[in-house]
Amino acid sequence: MSKTHLYLRTGFPRAPLANGLGRYMCQVKRITIKFCKSHGSSRGVRDFIETDMIDFVKQNPEFVLYLKPRRHHSPHLIAEYLNGEKFHMSFHNFNREEISKWVNLMKTRAGAPIMAYRKLGHTDNPSIQGVWSPFANQDTSLNVTSFPNEKLSRKFQTEPTATELLLEMFKKQQLEDSEANESKEEESK
Amino acid sequence: MGSLKMIPRTLSILSSSLVRQSRLSVATHNPIFTGNHLSKFLYSTTSSIDKLKLQQETVLDPAEEKQMAQEVIEQVNNQIETNEQGRLFAIIHIQGRQVKVTPDDIIIVDSNSFAPLNSDKIKFEKVLLVGGADFTLVGRPLLTPGLVNVIGTIIEKDLSHTRTNFRKIPRKRHVRFRFFRTQLTMIRINEIEIKEKVGQRKDVEGGDRLIS
């Protein structure tokens, strides 16, 4: 048996039907709420219908809200989206505020299955100034250089090494000695 | 000592450390060669004589530099005026995050306190950088308000998948699970537009925002 439903689905963010490119379109097509007229578990749904439902429907003419009384059944919601996805949710013992919150969430969703996003963005144009490579902004003389190149293979170093400093000190000492010798010779003459 | 005296020390750089890599020419705009270690060797007589070489220092005239900058700014302005800049990209600051966006992109804001609702249009005020194929405008840290128009539409508000916070203290019989879902807001970037001329200093900046 397949276990795919057991693992967390992952994916990348996409917007269905190029939503938002021209204008925004509400992605929910139909919301159906089933409830019982007498059972206590549907109390919140009945409260929602009595107080909030009319305003909610008037504010959202983009989709249709169906109410289905089902005797002695636990209340639940089915949201159907433009991409063909269906979303079920139980409203068992939910209160009015909870129900209006969840119904609002169903409205603002786009209907993609719940998944962990691997990235928080999507682009069709990943680079405008060109993809960087190690050769970007390099000296154009490199184009005609033959490799391996002894000059370019050397270590990039701006400060003298300890050996070189020692050598310089030694040479300076030699120079000073020779100068001293010369002056002595001149004096002796 | 005769050979040393012939070299005009005040005008040129005598440095064994620079002679070593002859492919590098010394210029004032290169920060590597204007550091302390250069001045240390600038008037040094300790350099080994066989390594001594003249290194020419090119100093850019500030007026010339300014003119060059002006020309570049003019070219950018011309490109924008004739609408030849092509696709632009921008780095916007949103909910503590810096995102690179270009028109038609989707970005997701993971925040429970992000108020805009579906179909709302937002103008992103904090633009750190705008670039085209041929130029880049970098803010310090932000670009002048009103220079760039980055506009997006909210297209989806959803909850994330259920995340788990698990805490356990070994040998103390303390185990806690916390499940939570955060609010994800999906935004479509609609347009990035440079509204004003580049490189123009206004007398008062950001006044329009103070009023509105």
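In this predicted model, B:Glu81 counts as exposed because its relative accessibility is 56%, above the 50% cut-off. Its side chain meets that of B:Lys197 in a salt bridge, with an N to O distance of 3.2 Å. B:Glu81 belongs to helix H4 (residues 62-81) of chain B, whereas B:Lys197 sits in the loop between strand S10 (183-194) and helix H5 (207-211), so the pair ties together parts 116 residues apart in sequence. B:Lys197 has a relative accessible area of 42% and is therefore partly exposed.

A further salt bridge in chain B pairs B:Arg163 with B:Asp110. The closest N and O atoms are 3.1 Å apart. This pair links distant parts of the chain, with B:Arg163 in strand S8 (residues 163-169) and B:Asp110 in strand S3 (residues 106-110). The two positions are 53 residues apart. B:Arg163 is partly exposed, at a relative accessible area of 26%. B:Asp110 also counts as partly exposed, at 33% relative accessibility.

Salt bridges with shared partners join A:Asp52, A:Arg96 and A:Glu97 into one network. Over all chains, the structure holds seven salt bridges. One of them, in chain A, connects A:Arg43 and A:Asp47. Here the closest N and O atoms lie 3.9 Å apart, against a salt-bridge limit of 4 Å. Both residues belong to helix H1 (residues 43-51) of chain A. They are four residues apart, so about one helical turn separates them. A:Arg43 counts as exposed because its relative accessibility is 52%. A:Asp47, at 26% relative accessibility, counts as partly exposed.

Chain A also carries a negative surface patch. The patch is formed by A:Glu176, A:Asp177, A:Glu179, A:Glu182, A:Glu185, A:Glu186 and A:Glu187. A:Glu186 lies in helix H5 (residues 162-188) of chain A. This residue counts as exposed because its relative accessibility is 60%. Membership of a patch requires over 30% relative accessible area and no salt bridge.

The secondary structure of chain A comprises five helices and seven strands. Along the sequence, these elements follow the pattern β-β-α-α-β-β-β-α-β-β-α-α. Of the 189 residues in chain A, 29% count as buried. The accessible surface of this chain comes to about 13,400 Å². Carbon and sulfur atoms account for 53% of that area. Among contacts in chain A with a separation of 6 or more, 72% involve residues 24 or more positions apart.

Chain B has five helices and ten strands. Buried residues make up 41% of its 212 residues. For contacts in chain B between residues at least 6 apart in sequence, 70% join residues at least 24 apart.

Technical notes
Residues numbered from 1 in each chain as written. Chains lettered and ligands numbered in written order. Predicted model: local features only at pLDDT ≥ 70, side-chain atom pairs only at ≥ 80, totals over all residues. Heavy atoms only, no water. Patch = residues over 30% accessible without salt bridge, like charges linked within 9 Å, V, L, I, M, F, W, Y side chains within 5 Å. Areas by Shrake-Rupley, 256 points an atom, 1.4 Å probe, with all protein chains shown as cover. Lys, Arg positive; Asp, Glu negative; His and termini not counted. Charge placed at Lys NZ, Arg CZ, Asp CG, Glu CD. Buried < 20%, exposed > 50% of the residue type's maximum accessible area, 1.4 Å probe, protein only. Contact = heavy atoms within 4.5 Å.
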